[in-house]
Amino acid sequence: MWGDIAIAFVLAFVVTFVATPYTIKIAKKVGAVDIPKDERRMHKKSMPKFGGPAVILGFLVSTIYLLIVMSMEKSINLFGFEEYWRKLLGFLIGIGIISAFCVVDDIKTIKPFTKLIGQILAAIAAVLAGIRIEGVTLPFLNFPEMHQVTSVILTIAWVVIVTNAINLIDGLDGLSSGISVISAVSLLIIFVLNGSSMVSVILITALAGALVGFLPFNFSPAKTFIGDTGSNFLGYSLAIISILGSAKTYTAAVIVLPLIVLGLPIFDTLFAIVRRMIKGKSIKAVFKADKGHLHHKLVARGYNQKQAVLILYGISAIFGIFAVILCDSGIWKALSFLLIVIVAIASGYKNFSPEKTGKERYECIQCKYIYNPKFGNEKAGIKPGTPFEDLPDDWVCPVCGEGKDMFELHE
């Protein structure tokens, strides 16, 4: 098993690492370039955003090679009772559907609702192939055998939510790809502990390997972005593989453990939905992007992009370790771990807070105007000596009129 895992990881890593520079060149030729033209974008220069195809290529090459070799060795049976061949075909069709929609979005940009349709169609392709959440068994929620309609609806909802969770958290260099690596490794450990099928183990390993091959080009300062093609593929794959990797004897793992592993992006997404609906007072507002995500909040508090990403990596790792301990050792040891982490963070919080010297200056990303607390902004009624954090929420840049969320600490 471990030899197969090693080959799956290394092969996916090598293919993606070699392919990514080519996707950078292709991005510039086809126009898949992210231009910082609105207030949400945290980068200051145009950036290729076509890294997704390289990750998908690495994942597919590794997966297909290992599945063929293992089938020849008869260590797996794709045509047995579980009919993995059919499920994998549905998974592949879903990847094709979601990639087709998102490649167009990376090059020409399409409406969020149109992308949602692509996500739903990809989820339906997986469901029709037999990939479903068939039951959940918990002390407080016991549905060992769901009605077929309930199973289909729950599966589609799970796939769409996780896909969007990874897509929406893709706001800083290396953020979505790094969190996906952490999630994939956590799920891999859970699958091994849980006695999951080798098919799911190979899939999640190949995904982790492909992402590690891409991260050197995506971590701050990034040379390329993964794009909507990549982020949607990551979310879709994590959702599908988490279902495939849950053994029949541990049905709680279908929802609970992957839900914990992906807790950070899922929370950020659900909070974004509620926030946008309250602010926009309509369902349509859900599709309107904003700067209220966790990574935006951290940058606004004075952390630079790299620090914000590492903090979110840490939080994601805590979720992953908690899920692994829960799977292996039970709820009490998992809660003990969580309590220790909370105490450690509470004790050392001040040491990791952005260092304030009293001489900080803040730069508008849009027009490069520098706000210096020493001088304030007297035309707007801001007295000298007013810290940036104490500026009114409706204060705007005196040069271009952008809000406070368009400013970052000037290094």
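**Salt bridges and a helix pair**

Modeller: E83 counts as partly exposed, at 31% relative accessibility (partly exposed lies between buried, under 20% relative accessible area, and exposed, over 50%, with a 1.4 Å probe and protein chains only). This is a predicted model, where local features need pLDDT of at least 70, side-chain atom pairs count only at pLDDT 80 or more, and totals for chains, interfaces and linings use all residues. Residues are numbered from 1 along each chain as its sequence is written, and side-chain values use heavy atoms, leaving out hydrogens and water.

Colleague: Which residue forms a salt bridge with E83?

Modeller: A salt bridge here is a side-chain nitrogen of Lys or Arg within 4 Å of a carboxyl oxygen of Asp or Glu. For E83 the closest N and O atoms are 3.1 Å apart, and the partner is R86.

Colleague: Is D228, which forms a salt bridge with K115, buried or exposed?

Modeller: The closest N and O atoms of K115 and D228 are 2.5 Å apart. The pair links helix α4 to helix α8, 113 residues apart (helices are DSSP runs of H or I, at least four residues, numbered from the N terminus). With a relative accessible area of 15%, D228 is buried.

Colleague: How do α7 and α8 run relative to each other?

Modeller: The axes of α7 (residues 198-218) and α8 (residues 227-244) come within 9 Å and cross at roughly 155 degrees. Axes are lines fitted to C-alpha atoms over the stretch in contact, with angles from 0 to 180 degrees between N-to-C directions. Angles over 145 degrees count as roughly antiparallel, so α7 and α8 are roughly antiparallel.

Key: Helix = DSSP H or I, 4+ residues; strand = E, 2+ residues; numbered from the N terminus. Parallel < 35°, antiparallel > 145°, perpendicular 65-115°, else oblique.
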